[in-house]
Amino acid sequence: MSSVDSNPSSLLEVKDLHVYFPIRGGVMRRQLHTVKAVSGVSLNLAQGEVLGLVGESGCGKTTLGRALVGLAPMTSGRVFFNAKELHHKNGKSSNHAMKMQLIFQDPYSSLHPRKQVRDLVGEGLLINGLARVEELDEKVLDILEKVGLGVDHLYRYPHEFSGGQRQRISLARALILKPELIILDEPTSALDVSVQAQILNMLKGLQKEYNLTYLFISHDLSVVRYMSRRIGVMYLGNLVEIGPTRSVFENPKHPYTHSLLSALPSIKKGKRKERMILKGDPPTPIDPPPGCPFADRCSNTQEKCRIEKPVLEPLKKESSQLVACFFQNENVL
Amino acid sequence: MTETVPSLIPKSEPIDYSSTNNESQPLLTIRDLRVHFYTLRGTVYALEGVNLDVQKEETMGIVGETGCGKSITARAVLRLIDPPGKIVSGTVEFDGQELLNLHPKEMRRIRGKRISMIMQEPRMSLNPVIRVGNQVAETLLIHESDLSPSAARKKAEEMLQSVGIPDAGKMSKRYPHELSGGMAQRVMIAMMLVTRPKLLIADEPTSALDVTIQAQIIDLMNDLVHELQSSVMMISHDLGVVAETCDRVAVMYAGSVVEQGRVEDVLHNPRHPYTKGLLRTLPDNASENEDLYSIKGNVPSLFMPQQQCRFAPRCEFSQERCFQEIPGSYQVGNNHSAACFLHENGI
């Protein structure tokens, strides 16, 4: 345990995390390529904080969340949780796992179809030896009431519930272990807007009530803006900008953040506004070229961008907004 | 709403959709469209009297939540409702022609030629074993019999180029799985617009795409449709997309259109309680310290035929009457109507 390296004030500290997946082929199953899903992400989460993580599909935001709970292999880097370093090895996760829970995107495929709600929610308690079978009903019911379900849902199966209700069950499953950190991976993107509002309200209420820490992963910027105090923007496995939600939205400094915000359709902006539209598709994370990950699509690319990878740096001294761009202080707009 | 001077204000009649409209002839007119699904668990009354117009060279948005019938409306226009579903009654008039009693052979000549449809998941709707260029050319060959295969292929390539596919000659030889989602959707658009249809039905064309790609595709569609002078029926659950692309919008709830009007009017001055609620649930408008508004209750079961306002059980303003009668559509402004008794007095 090298707890000296970590910042004691943060609940979760990620230092230069890399997650690589090999692509093997040929007769000898040689490693031909490497998918660099997450390549060098560092971030801090304080107790009781909600950090939003946005980015397009394939940018590595989900992989990052999965790596934190040990569902994806960490290639290198260190993760401290409560000032203790996490080691996810050989598929065995440490007992921190209980304090760190993950909610999946699709409530239709993340619940076992042949288990009753009581067993789905209570499973974690039994596995960790926190409850005896006799007490299970009572404990499960307590949690179900917290997420807006009741006693008549206890012995039902997942298929009897709507998407919103299933997401409530997933949340109950996580909450019953009294976690400190919940990683929410697109918790509302499979839901309709009116149901989404209910779930977001509930998540916000629970966060305040239990002083929970959320890592809120979503591609929906308006949801992230509503939910989180701080926001991180990922592109091609890299964190390109992170800072207080308000300053990132009102004053985006990375060209990618800027184009992401301008691409966002909104009912306020009205029809056919001027937009900064990105050309081309996001590049694949398979063997990415050196240099800035955004260099291929950026309107301000210079020679330096293709050679050297910019690091995440504070905008000004003492600023809480960090940007990974060589030309962050120039006006790119 | 206070009931102080009820008798002095003449009650306005609901819009009579059966009377012939003498204004400029719309391109597509849907009247009292009813689609039911006869399942083993009972009849699902999926569409209960949809009234909708799409004008010439107009982009009409249809919004609503899952299961409200927006996709079924679109499929019914093309008569693509498969058993156990059935179009029970109603009329769909397209360019002066009634579609619902056309012979299937004639209908086939309309699909893909005069009305095209873009689906949500582009890679699911392309044939995985045919090169994309050939798929575009195939559409042409089916509808333009005097075209030679090589001429069709050439035209397909031109079309692929005009939807912004770089190096179209090379890309047209690729298979769908070799394309990204955005590229595949461009191919779909090329395929659907190569016959220069009068009406393009786009069923959630950008929902499977990322926001930056979505912005590209929306702009592309806007440009092409404008160039071809086609009309678009744009189905989406994303009010932001509708606000950016559409001229008019219809809001659907549980199988019928509850509000219809110009986008500015409907989104900035909604008149039906459901539209109001839907707009208030969006996180865009909320400040971080307040709770999001949520419409209480759940979407009603569609296993019962409509006998009342289907929104009444969830509505803040519902009166006794709302549970007994189906409200007609009332004019609430210029080219703006809402199906709610609140507007009976023409407010």
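Two residues are in contact here if their C-beta atoms, placed from the backbone, lie within 7 Å. With that in mind, let us walk through this predicted model, in which local features need pLDDT of at least 70, side-chain atom pairs count only at pLDDT 80 or more, and totals for chains, interfaces and linings use all residues. Residues are numbered from 1 along each chain as its sequence is written, while chains are lettered from A and ligands numbered from 1 in the order in which they are written.

Start with chain A, where you will find nine helices and 12 strands (DSSP runs numbered from the N terminus, helices being H or I with at least four residues and strands E with at least two). The radius of gyration of chain A, taken over C-alpha atoms, is 21 Å, close to the 20 Å from the globule rule for 333 residues, so chain A is as compact as a globular protein of that length. That rule is 2.2 Å times the number of residues to the power 0.38. The C-alpha trace of chain A spans about 65 × 55 × 45 Å along its principal axes.

Now look at where the chains meet: 29 residues of chain A are in contact with 32 residues of chain B. On the side of chain A that touches chain B, helices H5 (193-210), H6 (221-227) and H8 (255-263) each supply at least two residues. H5(A) gives the largest share, six residues.

How confident is the predictor? For the complex, the predictor gives an ipTM of 0.76 and a pTM of 0.82.
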